[in-house]
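Please look through the sequence and the model below before reading my points.

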Amino acid sequence: MNRNVIFDHIKRTFVVSGALTLLLLAGCQLPAGADSSTASTQRVLKILQWEHFVPRYDEWFDSYAQQWAEANGVTVVLDHVAVTELGSAIAAELAAGEGHDLIEHVISPSRFEPDLLDLTDLNQEAQRRFGEQVTVCTRSSFNPHTEVFYGFCHGWVPDPGDYRRSLWELTDMAEGPETWQELLEYGGRINQELSIMTGIGLSPDLDSNMALRALLWSYGASVQDEQENVAINSPETVAAIEYMGNLYSNAMTDEVFTWEPISNNKALVSARASYILNSISAYRTAQKIIPDVADDLFFVPALEGPGGEAWASAHVINTYTVPKFSPNGDLAKKFILDLVASYDQAVFNSELYIFPAFDSTVPELLGPGGWLDDDPFGSNPRNKLAVLKTAAQWSTNLGHPGPANAAIGEVFASSIISEMFAKSVRGEMTPAEAAAWAEEQIIPIFKKWRDAGLVGGGSD
């Protein structure tokens with residue numbers, strides 16, 4: 001295979017071992033005079049990581065990988081790739097049948113299940129050591145139809161509503177919205193009176209896809225039902241699309257059709273948006289460069305729909321997979337277990353962006369007086385992040401109310417849901433026509449994966 005197919009995507013590569021620490025360009029030879037004898041005799045674990053939204057985390061992780069390599073007498077090759085290029089980099093490696101031994105994903109890797117090592121033994125060992133796994137993590141890495149753990153979820157990221165308190169105070173809603181109807185009513189007022197929009201994307205990007213699923217779920221709609229049958233064409237879906245049309249007309253602008261993952265962050269921090277659905281990464285950035293803006297940013301849980309349901313998608317599902325072509329599955333599993341045992345460091349160095357898949361590993365996070373009650377990174381007020389203590393109760397997986405199966409993974413990657421909403425909001429289809437169009441796209445995807453034995457159901 002041409003290495004460039006894979007490494008065109010790689011931003012930086014580290015080779016770390018007990019005898020060697022070098023910063024290399026991918027594919028380069030060791031510098032003249034470097035001692036390669038140890039590197040050539042040691043086992044090599046190749047890891048592909050996405051470039052973290054919180055730079056401090058990558059700095060810590062690179063150092064952790066080096067220390068782990070030295071402690072275990074192995075060589076670790078650590079590559080970082082931009083999150084927007086991660087999917088294509090992974091697909092290229094799996095298609096070629098060679099590449100990294102350990103790959104970290106930002107969403108459930110369910111669509112890659114046929115090419116991945118079954119990690120059931122690893123997941124069982126982790127539960128034996130660390131206790132029960134957070135539900136959203138298990139449902140994002142386990143296929144109940146095949147009874148296979150196609151990945152290992154070591155952490156996850158909540159997706160609360162992020163809002164500018166000073167703007168919502170003007171509508172006597174200083175605590176922010178609690179329902180989607182309040183977002184429409186009061187977000188619309190802010191936009192009409194101040195020309196500051198509500199920031200829910202309608203583009204094919206990751207954030208838009210997650211936000212629009214939160215809307216669907218909170219309206220009682222879903223791509224599939226609990227038995228893995230296609231369920232998108234429903235009255236609840238039509239109602240959610242109608243709602244989005246109203247929200248767009250009253251509180252949004254055309255730019256949301258072309259947003260990238262960073263766009264809603266920028267809009268919130270620059271006061272061009274009064275509310276977005278996102279993690280706390282934009283807030284952490286604002287703390288460092290615009291403290292006054294950070295003091296104005298606050299968070300709310302998932303918004304309630306008309307039936308009282310309130311769901312948000314986990315913003316990131318930090319999931320490792322081991323490709324079947326890897327000869328180093330044992331090393332990969334040891335690296336994962338050792339990382340989970342050190343997860344208090346991972347959470348802290350992500351600046352509380354990442355939550356643990358096993359709560360027992362970071363008691364400092366959720367306990368009374370812990371990090372969320374008293375933010376070690378200087379929130380004002382100190383307990384600003386306490387709202388996230390209940391995040392596991394209102395966060396769910398892609399595929400809700402069913403599992404994150406291979407069909408759900410392909411539907412997400414194809415951005416069918418965001419296109420469904422956009423087609424109606426732009427006036428190309430009625431809400432009912434858009435829901436029917438989405439169903440036409442989704443049914444063949446489910447059939448393909450069901451025929452492959454990877455998806456349950458069958459009454460589409």
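**Notes on strands, a buried serine and cavities**

1. In strand β14, the bridge partner of I103 is T321. Strands here are DSSP runs of E with at least two residues, numbered from the N terminus, and two strands pair if DSSP finds at least two bridges between them. This is a predicted model, in which local features need pLDDT of at least 70 and side-chain atom pairs count only at pLDDT 80 or more, while totals for chains, interfaces and linings use all residues. Residues are numbered from 1 along each chain as its sequence is written, and side-chain values use heavy atoms, with hydrogens and water left out.

2. Strand β5 (residues 102–105) and strand β14 (residues 316–321) run antiparallel and are joined by 3 bridges. Strand β3 (residues 44–50) also pairs with β5, but in the parallel sense and over 2 bridges, and here I47 stands opposite L102.

3. Which residues of β5 point one way, and which the other? L102 and E104 point one way, whereas I103 and H105 point the other way, and all of them are buried, where buried means under 20% relative accessible area, with exposed being over 50% and partly exposed in between (1.4 Å probe, protein chains only). In a regular strand the side chains alternate between the two faces of the sheet.

4. S274 lies in strand β11 (residues 273–277), and because its relative accessibility is 0%, S274 counts as buried. Leaving aside neighbours within four places in sequence, S274 is in contact (heavy atoms within 4.5 Å) with residues including D162, Y163, R164, W168 and I190. The C-alpha atoms of S274 and D79, which are 195 residues apart along the chain, are separated by 37 Å.

5. The model has 3 cavities of 30 Å³ or more, a cavity being a set of points on a 1 Å grid over the protein atoms alone where a 1.4 Å probe fits but cannot get out, with lining residues having an atom within 4 Å of a point. Grid points are joined across faces, edges and corners, and a volume is the space filled by probe spheres set on the points.

6. The largest cavity holds about 60 Å³ of space, and the residues lining it, among them V106, I107, S108 and H315, divide into 6 nonpolar, 6 polar and no charged. The second largest cavity has a volume of about 40 Å³, and R213, W217 and L398 are among its lining residues.

Methods:
1 Å grid on protein atoms, 1.4 Å probe; cavity = no way out; pocket = protein on both sides within 12 Å on 5 of 7 lines; lining within 4 Å. Nonpolar A, V, L, I, M, F, W, Y, C, P; charged D, E, K, R; others polar. Helix = DSSP H or I, 4+ residues; strand = E, 2+ residues; numbered from the N terminus.
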